[in-house]
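Dear colleague,

I am handing over the structure below, and after it I set out what was found. Please keep in mind while reading that this is a predicted model.

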Amino acid sequence: MAEAQSMPGADSAGEAVAAAVESSVVTRTSAPPSFDVADFPVPHGREEEWRFTPLDRLRGLHDGTAAADGSMKVELSAPEGVTVETVGLDDPRVGRAGTPVDRVAAQAFSSVEKATVVAVPRDAVLPEPVRLSLHGEGGVTFGHTIFDIGAFAEAVLVLDHTGDTVRGANVEFLVGDGAKLTVVSVQDWDDTAVHVTQHNVLVGRDASVKSIVVTFGGDVVRVHPRVSYAGPGGEAELYGLYFTDEGQHHEHRLLVDHNAPNCRSNVAYKGALQGETARAVWIGDVVIRAQATGTDTYELNRNLVLTDGARVHSVPNLEIETGEIQGAGHASATGRFEDEQLFYLMARGIPAEEARRLVVRGFFAELVQQIGVTDVEERLLAKLEAELAESIA
């Protein structure tokens, strides 16, 4: 854990935050968090954090054989006042939201020389979203991006991933005191892409964050959102939806580290799977520290299996170190279509095929509505319709 504290350029406040973040849930990881890839053993698939991941399909991201030989087309659009700069890894904002907790995240950090910082100034209320589009053009790419949201600012970020690449990345969100941030991350890669990324979110005092992770494409996609709090009164909403097709592996591993008093979190992820070899993994970790009195948290995962052979692993974990909380709970369920729902619709003259589509649409509807960006919602609904047209007949 000393690596983050000794990072060049880290001030005392940044060191304290990094130390707090690093303390989170090391019991289920094979090595302590670190920026140095050498501190992580090459995984073999028996480790807790890798036991569901098809390592042989990561194309060398996990063992150091993936060299940065690819290209990524990057497009950024932002309202007036938003600044973009390229900084060295000794910038105090780099690593402030969190430290790599697995070998791929550390490999991504070790493979870049610069980080991109997108900053929203204090008190700014952005009239339109900040949009960052990443289009893979082949080969292996790595990246480190930081979104620095000033105190009392309000912003919406849309991260759009398309094309073909083998991608290892770290993304940080620094949310200032009293700020409000909505992040929509869309993984709509080509079917041959591999994407492993760690999202670190640091929520300021009385700040609020809403994260929506949407995964449709890719051969293997593994997204690891991690949330911690820089002061009391913070709130985090983590939503996600995934549609996993034949041959795809979609993995979402979440951690909410309640390390400050009177903070809230709500997690809701839903997935649908089709195809005999479709695989999905959802791991939801919530930790309530001894000092996090007044915490209110809940996590939910629901999975709808559309065809025989598809398999999903859903593992909610809740660790509580204090009894002085408002509430804490979790729920997980995986199943096929409910016959009662289909019967209800078919009894009113709706054909079986359309009835099944309506059930799936309704399953995802509440999460799609959380996005709040009209063009993104319409695009995802169209994508969902295309997936359903292929599977439900």
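To begin with the charged side chains, R222 lies over the face of W50, 3.9 Å from the ring centre, and the charged end of K270 sits over the ring of F363, at 5.1 Å from its centre.

Turning to the aromatic rings, the count comes to 4 aromatic pairs. One of them is formed by F147 and F173, whose ring centres are 5.5 Å apart and whose planes are at 10 degrees, so the pair is stacked. This pair links distant parts of the chain, with F147 in strand β4 and F173 in strand β5, 26 residues apart. F147 counts as buried at 1% relative accessibility, and F173 counts as buried at 2%. The rings of F216 and F243 are also stacked, with their centres 6.5 Å apart and their planes at 15 degrees; here F216 is in the loop between β8 and β9, while F243 belongs to strand β10.

Helix α3, residues 103-110, is mostly covered, with 7 of its 8 residues buried, and these buried residues pack against β4, β5 and β7. At the start of α3, a side-chain oxygen of D102 comes to within 3.1 Å of the backbone nitrogen of V104.

Finally, P129, in the loop between β3 and β4, is buried, with a relative accessible area of 18%. P129 and P79 are 50 residues apart in sequence, yet their C-alpha atoms are 7.5 Å apart in space. Setting aside neighbours within four places in sequence, P129 is in contact with S77, P79, V156, V158 and V373.

With best wishes

Definitions and conventions: Residues are numbered from 1 along each chain as its sequence is written. This is a predicted model: local features need pLDDT of at least 70, side-chain atom pairs count only at pLDDT 80 or more; totals for chains, interfaces and linings use all residues. Side-chain values use heavy atoms; hydrogens and water are left out. Helices (H or I, at least four residues) and strands (E, at least two) are DSSP runs, numbered from the N terminus. Buried means under 20% relative accessible area, exposed over 50%, partly exposed in between (1.4 Å probe, protein chains only). Contact means heavy atoms within 4.5 Å. A polar contact is a pair of N or O atoms within 3.5 Å; within protein, one must be able to donate a hydrogen and the other to accept it, and residues adjacent in sequence count only if both atoms are side-chain atoms. Rings of Phe, Tyr and Trp (its six-membered ring) pair if their centres lie within 6.5 Å; planes under 30 degrees apart count as stacked, over 60 as edge-to-face and the rest as tilted. A charge sits over a ring if NZ of Lys or CZ of Arg is within 6 Å of the ring centre and within 35 degrees of the ring normal.
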